Each structure stands twice: as C-alpha cells, then as structure tokens.
Amino acid sequence: MYQAIAFFDLDGTLLNDQSEVTPEISQTMLRLKENNILPIISTGRCEFEIQVIKKAAHIDASITMNGMYGIYENDTIFSNKIDIATCQKMLDFTRKLKHEVAFYSHETMFISGVNQLVKDSYQYFNNVVPPIKTDAFLEYETNMLLVLTDELDELYHEAFADELTFFRNGPKCIDVVNKGISKGTAIDEVKNFLQQDIPTFTFGDGLNDLPMFESSDYQIAMGNALPEVKSAASFISTENTEHGIINGLKHYDLI
C-alpha cells in the first residue's frame, strides 16, 4: 500500500538542461520509494526512448506520449492508438502545408522527412532525429503523432477538431494524441489500476502538464514553468536546475 503517488514531467522538470538525471535526483527518487511513495514519470516522450532515464532515476512506472501509454513494473496497463485513417489524413495535411510529421509507438518512431526545422526541434530536446519512413503507420501501431512546425497551430486544431488533441510542447513541434486523451486522463487510469485512495502530487512546467495538474491533489510548478502552469499550481518551486524537484517534495514533507 503506497502512501502517495508523485508524477514527474521530464524536460524542464525532472531532467537537467542536458536532459539528464542528476545524482541528486537519483538519490531523491530512492528516498521517495523508501517513504513508500510511488514515483511515476509522465512525459510526452515515448517509452523506449526513456529507458536510460528510468534506470538512472530508479523509476519503474511511466505515462508516456502524453497519456496514450502507461507501464507499471514492466507491464502495460493501458495503450491508446491513433487509427490508420487519421494518420493518413495527418500525413496528407502536413504535406499540403510543407511540414513533417513523426509517428510514435512505445517501441519505435519514424518521420516523414527531415529539414532544418526538424533537426532544430530534436536538438532542442537533445534527441536524435528518427529514421525516415513515410508510411510507418501502415506497418506499426501509432500511439502519438508529432507535427514539426513553428506555425499554423490553429489550422491543425480546426482540421482535426473531432479526432485529435494538440499540445504545443516546444517552439518547433506539437504533440498530437487522440481527442480527450492527456496526462490527466492517464493519471485517472493509474489510480483506477492501483485501486488506492491516496494523495497525488504532480510536477511540471509546460502546457501539456496542465491536464495532469487538474487530475491531481497537489500541483508543483517549476520556477522555470510557463505562466499558465504557475497560475494552476498549488506551489511554485525553484527552477529544475536549482533543486526544484527537491524543494517541491520537501514543501509537502514527501522526503
């Protein structure tokens, strides 16, 4: 029986500015577990690309792709998929606008093409550009789409209003999931799976963390968080690179 659950966004929150888990964070997660508090990663990234992070942070549970996929102790507890017809529609739409789109699953990721904006976007998150495979959605299940663009968000929202939800998660990219899915719905899935009525704490900095805040009891914004995130928080900590996680956990006596 856990005493509480703590959900952590990665980029700008749990990770440093090199997208790494510091020794301080690693030891802090061990202390959380010693206090019988379950740490869970909650990220827009896909499952296979956070394996090194999970190992370094001693975390076994994760919500990935903005709530589309969840794992607890190496077992999948939920998996949402974007259907082939919607993927094809998105590919056609990005082609018309001269943008690129990436196809993510919990095991693989591919992209429709590479340009300078794509390279800059992946570099921003210290990630490697996926291999090109325009029809990847025909061969592999798709749990999330990533539209590579720094403009025209409203056109995507209008064209896919009945099918998809969009989270701008960087200056040059938009995370795309099934309509109504978010980190918040994933938290509800985790609580239903665990069947434990315990407090939930969430740590984040970006717009895709707002649904997670709405579904939790206590919301901790990093000092580097966007203004909208700070406004929704029950506590504003220091920046992620200035012991923000530790100070947030200490504020609520979790460590």
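## Y104 and the β6-β7 pair

In this predicted model, Y104 lies opposite M109, a residue of β7. The two strands involved are β6, which covers residues 100-104, and β7; their pairing is antiparallel and runs over three bridges.

## The sheet

Strands β6 and β7 belong to an open sheet of five strands, ordered β7-β6-β8-β10-β9, with antiparallel pairing. The edges are taken by β7 (109-111) and β9 (164-170). Each of these has a single partner strand, so one side of each lacks a neighbour in the sheet. From one strand to the next, the twist averages 25°.

## Helices on the sheet

Helix α4, residues 84-97, packs on the sheet and touches β6, β8 (144-148), β9 and β10 (173-178). The direction of α4 makes about 155° with that of β6.

Helix α5, residues 116-124, also packs on the sheet. Its contacts are with β6, β7, β8 and β10, and its direction makes about 120° with that of β8.

## C46 and its contacts

Which residues does C46 touch, leaving aside those up to four places away in sequence? They are T64, M65, Y104, S105 and M109. Y104 and M109 are the residues that stand opposite each other in the β6-β7 pairing.

C46 itself sits in the loop between β2 (37-42) and α3 (51-57). Its relative accessibility is 0%, and therefore C46 counts as buried, the cut-off being under 20%. Between C46 and S112 there are 66 residues of sequence separation, and their C-alpha atoms are 17 Å apart in space.

How values were computed
Residues numbered from 1 in each chain as written. Predicted model: local features only at pLDDT ≥ 70, side-chain atom pairs only at ≥ 80, totals over all residues. Heavy atoms only, no water. Pairing = 2+ DSSP bridges. Helix = DSSP H or I, 4+ residues; strand = E, 2+ residues; numbered from the N terminus. Axes fitted to C-alpha atoms, helices over the stretch in contact; angles between N-to-C directions. Contact = heavy atoms within 4.5 Å. Buried < 20%, exposed > 50% of the residue type's maximum accessible area, 1.4 Å probe, protein only.
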